[in-house]
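These are my notebook entries from a first look through a structure that was new to me. I wrote down what I looked up, one topic at a time.

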Amino acid sequence: MLYIVFMLLLAGFSLGGAFVLPSILNAAFVDADEMRNEAARLRARQFRTMVSRSVFIGVLVVLGGVTSIVRSVKTVEAGHVGLVYRFGDIVGQRGSGLSLIWPWEDFKTADIRIQKVRPTAQCSNGLDECLASFSSETQDIFVQATLNISVNPSAVQELYRTVGPDYVDKIVRPRLLNAFKDETAKFKSVDIAPNREKIRQAALTVLKAGLTEFSINADDLLIDNIEFREEFKQAIEAKQIASQEALRQQELVAAKEAEARQRAAEALGNADKLR
């Protein structure tokens, strides 16, 4: 659209100048024309008119041609796809390398390399790039995860046409959140860490199935960190301390019982000797 407006303005300026400039030149050379005969004056006026119009038409052709060439020749870097827009609608795509389009079309590039997608929210415990989930007993769980995705090169224009260039925020991140919520809810809080790999694999399977319809590949999923609320961690720590203390007491009791049995055996041996 900008190209069309520019060309119309350029054409208007050139054509206007082609008619206005001869009048200005003829007015400027009126004194010189008076010293010539009628035929010479007419030839001089015609010459100035032809030159001025040729100049403006040449400006129109040169500027218009250069602008058209610059807008028509495009390059696409490796790992990208070029999308061709015509009056706001996507009408095609180009592979990497040199590409030609019509000068009135627009051109944008889309990245088809592997992208890292992380949550953008901050969880209530202050953890950045985190998604909030919960366990089977509704205990809060905070997960930091990285999803690697890539787009099928042949389907980029369809993805941009149906979803838009912000497809990561529209469909990838919401599905990443839902996948973890569905999987962590199957386990108790104390079982989340031992089943970390099982949760990762299950969430990745769900993401692959959900993103395939948009021609997006879920290549890999990494769980960077799993955190709980501070109160829960303190309770778990207190429980572990209590368990360790109980185990220590049991070991002390067992040791005393063993010592008592040993003394009883020694006493019985001494009694036998006395008899």
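Predicted model: local features only at pLDDT ≥ 70, side-chain atom pairs only at ≥ 80, totals over all residues.

I looked up Glu-183 and found that, at 7% relative accessibility, Glu-183 counts as buried, where buried means under 20% relative accessible area, exposed over 50% and partly exposed in between (1.4 Å probe, protein chains only). Its partner is Lys-186, and the two side chains meet in a salt bridge with 3.2 Å from N to O, a salt bridge being a side-chain nitrogen of Lys or Arg within 4 Å of a carboxyl oxygen of Asp or Glu. Lys-186 is exposed, with a relative accessible area of 57%. I also noted a network in which salt bridges that share partners join Arg-118, Glu-129 and Asp-224.

Residues are numbered from 1 along each chain as its sequence is written, and side-chain values use heavy atoms, with hydrogens and water left out.

Entry on the other salt bridges. How many salt bridges does a search of the whole structure find? The search finds eleven, and I looked up two further ones. Asp-106 forms a salt bridge with Arg-71, with the closest N and O atoms 3.2 Å apart. This pair links distant parts of the chain, since Asp-106 lies in strand β5 (residues 106–111) and Arg-71 in helix α3 (residues 38–72), 35 residues apart; helices (H or I, at least four residues) and strands (E, at least two) are DSSP runs, numbered from the N terminus. Asp-106 is partly exposed at 32% relative accessibility. Lys-170 forms a salt bridge with Asp-166, and there the closest N and O atoms are 3.6 Å apart. Both ends are partly exposed, Lys-170 at 47% relative accessibility and Asp-166 with a relative accessible area of 36%.

Entry on the whole chain. I counted on the assignment of eight helices and nine strands for the protein chain. Buried residues make up 32% of its 275 residues. Of the contacts with a separation of 6 or more, 66% are accounted for by residues 24 or more positions apart, where contact means heavy atoms within 4.5 Å. The accessible surface comes to about 17,100 Å², of which 59% belongs to carbon and sulfur atoms; these areas come from the Shrake-Rupley method with a 1.4 Å probe, and for residues only the protein chains shown count as cover.

Entry on the core. The largest nonpolar core has 39 residues, and those with the most contacts inside it are Leu-147, Tyr-167, Val-172, Phe-180, Ile-216 and Leu-221; such a core is a set of buried Ala, Val, Leu, Ile, Met, Phe, Trp, Tyr and Cys residues joined through side-chain atoms within 4.5 Å. Elements that each supply at least two residues of this core include β8 (140–151), α5 (167–184) and β9 (216–228). The largest share, seven residues, comes from α5. I then followed Phe-180, which, not counting residues up to four places away in sequence, touches Leu-131, Ser-133, Val-143, Ala-145, Ile-199, Leu-221 and Ile-223.

Entry on the rings. The structure holds two aromatic pairs, where rings of Phe, Tyr and Trp (its six-membered ring) pair if their centres lie within 6.5 Å, and planes under 30 degrees apart count as stacked, over 60 as edge-to-face and the rest as tilted. Why is the pair of Trp-102 and Trp-104 stacked? The ring centres of Trp-102 and Trp-104 are 5.1 Å apart and their planes are at 5 degrees, so the pair is stacked. Trp-102 is exposed at 52%, and Trp-104 is partly exposed at 32%. Tyr-160 and Tyr-167 form a tilted pair, 6.3 Å centre to centre with 55 degrees between the planes, and both Tyr-160 and Tyr-167 are buried.

Entry on two backbone angles. Phe-87 has a positive phi of about 55 degrees although it is not a glycine; Phe-87 is found in the loop between β2 and β3 (89–94) and is exposed, with a relative accessible area of 52%. Thr-138 has a positive phi near 60 degrees and is likewise a residue other than glycine. Thr-138 has its place in the loop between β7 (131–134) and β8, and is exposed at 62%.
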